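Here is a short briefing to read alongside the sequence and the 3D view. Take a moment to get your bearings, and then work through the topics below.

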Amino acid sequence: MTTVEVPLHAVAHARAGDKGNRSNISVIPHLPEAFQHLVEQVTEARMLAVFAHKGATRVTRYVLSKLPAMNFVIDDTLEGGVNGSLSLDGHGKSLSFLALGDIAVRVPVACIPARSPYHKPAAD
Amino acid sequence: MLAEQLRRRIAARIRMTTAYIGCGAGFSGDRFDAAVPVVQTLSRLQGERFLVYEVLAERTLAIAQRLKREDPEQGYSPFLDAYLPLVLADCHRHGIRIVTNMGSANPLGAAKRVLALACELGIAGLKVAAVTGDDLLAVMSQAQVRAQPVMEGIALDERPIVAANAYLGAQPIAQALGTGAQIVLVGRTTDAALSLGPLLHVHGWGERDLDLLAQGTVCGHLLECGAQVTGAYFSDPGFKDVPDLANVGFPIAEVEADGSLAVSKAANTGGLVSRATVIEQLLYEVHDPHNYLTPDVVLDLGDVTVEDIGPDRVRVQGARGKPPPATLKATVCVDAGWLGEGEISYAGPNALARAELAASVVRARCLTIGIADPVRVEVLGTQAILDGNTQGRRARVAPPADGEYRVRAAVRSHSRKIAQQVADEVLSLYCSGPAGGAGVRQHVSSQISTASILVDRSLVKPEVTLLEAS
């Protein structure tokens, strides 16, 4: 089976929310067949590494197989959150796209939706 | 109360009454006219129909408390007069009842304003209920509030408390609807309670119906951010396309007595309701999905399934409930000084180098004038929004030398003067910075910090007051 390395953005979508100084980021596969690859590769440790520069101290991952989706809870990543952050984005709402862009996954080509722009470079 | 609950429950089963709940707003300042197509759609449906508006953020409530202190008639949502006149007459005509937290710091004041509004619009015979009892400072001293355990947020030091409000659940809202009120105005409740309250009222669900309460809480959670479940805050062109986002339709949920839940949206609108849009919102601001705490039920999403059952129509089932915690969560707001910000743009050839030079000038000037508070100076256009205050990202693609970049400086300080000084250092770049600096904007704003505390339920006694036009 042909596999490709792509940004998480090619196979999943995500939304970030905040409570205090904690962020939660859902990771939802575009296609259910991608889910098991995401469970294997998008680990708590990798998510923590992506948010290390923002002071994240711990990541807890919840796997919801029936949706299917994963929910990541990232502690201390908002530098005080809306209460204290100097970032334009105190809520950390843009952080879902940080995870989607900075985490790479290796998946079978069939895990990328048929009409995804990510198929174009592979066709060259 | 129990007999009434049983009566309603049996009646709902026999009549197979469907509850329809539409959402008119998902945050304070959400699109004022979004509810109009929702009301049009609801008016054509048979069953018990409700329109809910969620407009009360933590900060919004703190500002409202300040306003109420200055004028006891004020302190309800400043947007009440922007939202309700657009739908009040149609809701009244079609028997669509409104539940909203536009009561903010003053639900009674809001109820009076709604009655006055009805009078201005020539609507006769309107009954309006206010739910009060969430304001802890009405029943506790500041010292007593400070003595409660903090579960999240800043430590409650000696700073004066601006607001302290417990999150009420759905029961008082159901009770208010039980009085026959057509409009229910609340202050701080859980956002989900705005939908769960009507469901308790229509279907007669009781506190032992934990799985039904869980389904109702999922319904409320999906609706509480307005169009975030109908394709807004979702569109990613080429990857997740949403038709006609400019006319995005707000959501409508259909809930049966057995907890069956379908989510759709207002007719003749843009947007999208799909598995993907619903799952994104289902997990929004959820931490442990097996233990989502509310005053009504502890929600477990572990067995929830989401399926497309028609165009813009999604079924959600499988929510499980556990008994709610003994304590209630409350939000305490304290004054947090000032945020000072300034921005300036550089465009064209070598813009990145000029912007980076401007940023270094501001950093040097903040040292020269002795700013002790932490200052963040960044170059927007380089994905700086994803950086930390003191560290950049590891993975970073070098931004192009030419282009358009915006320098931003920000400081938080207890001194308004210092906040202004940092913003002014950006302004000074007009004549004292690199070539071509343009478009300065400055913003100095007062800040509120929050902490979440846990309070004993016995301290919080919700009350319902019914008002009718005299």
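B:Glu285 sits in the loop that runs between helix H11 (275-282) and strand E10 (292-293) of chain B. Please keep in mind that this is a predicted model. Although B:Glu285 is not a glycine, its phi is positive, at about 60°.

**Backbone points in chain B**

- Is B:Glu285 buried, exposed or partly exposed? B:Glu285 has 19 other C-beta atoms within 10 Å, and a residue needs 20 or more to count as buried and 12 or fewer to count as exposed, so B:Glu285 is partly exposed.
- B:Asp244 is another residue other than glycine with a positive phi, near 45°.
- You will find B:Asp244 in the loop between helix H10 (210-223) and strand E8 (251-255) of chain B.
- B:Asp244 counts as exposed because it has 12 C-beta neighbours inside 10 Å.

**A cis peptide bond in chain A**

- The peptide bond between A:Leu67 and A:Pro68 is cis, with omega at about -15°.
- A:Pro68 belongs to the loop that lies between E4 and E5 of chain A.

**Where chain A meets chain B**

- On the chain A side, 30 residues are in contact with 40 residues of chain B.
- Which elements of chain A give two or more residues to the side that touches chain B? They are strands E2 (12-19), E3 (22-29), E4 (58-64) and E5 (69-75), together with helix H3 (95-102).
- E2(A) provides the largest share of that side, with 4 residues.
- By class, the residues on the side of chain A that touches chain B are 10 nonpolar, 13 polar and 7 charged.

**A helix pair in chain B**

- Two packed helices are described by the angle between their axes and the distance between those axes.
- For helix H12 (residues 351-368) and helix H13 (residues 416-427) of chain B, the angle is about 140° and the axes are 10 Å apart.
- Angles over 145 degrees count as roughly antiparallel and those from 65 to 115 as roughly perpendicular, so H12(B) and H13(B) are oblique to each other.
- H12(B) and H13(B) cross in a right-handed sense.
- H12(B) makes the contact through B:Val362, B:Arg365 and B:Cys366, while H13(B) uses B:Val422, B:Glu425 and B:Val426.
- Sorted by class, the contact of H12(B) with H13(B) has 4 nonpolar residues, 2 charged residues and no polar ones.

Terms used. Residues numbered from 1 in each chain as written. Chains lettered and ligands numbered in written order. Predicted model: local features only at pLDDT ≥ 70, side-chain atom pairs only at ≥ 80, totals over all residues. Contact = placed C-beta atoms within 7 Å. Nonpolar A, V, L, I, M, F, W, Y, C, P; charged D, E, K, R; others polar. Axes fitted to C-alpha atoms, helices over the stretch in contact; angles between N-to-C directions. Parallel < 35°, antiparallel > 145°, perpendicular 65-115°, else oblique. Left-handed = near helix turned anticlockwise from the far one by under 90°.
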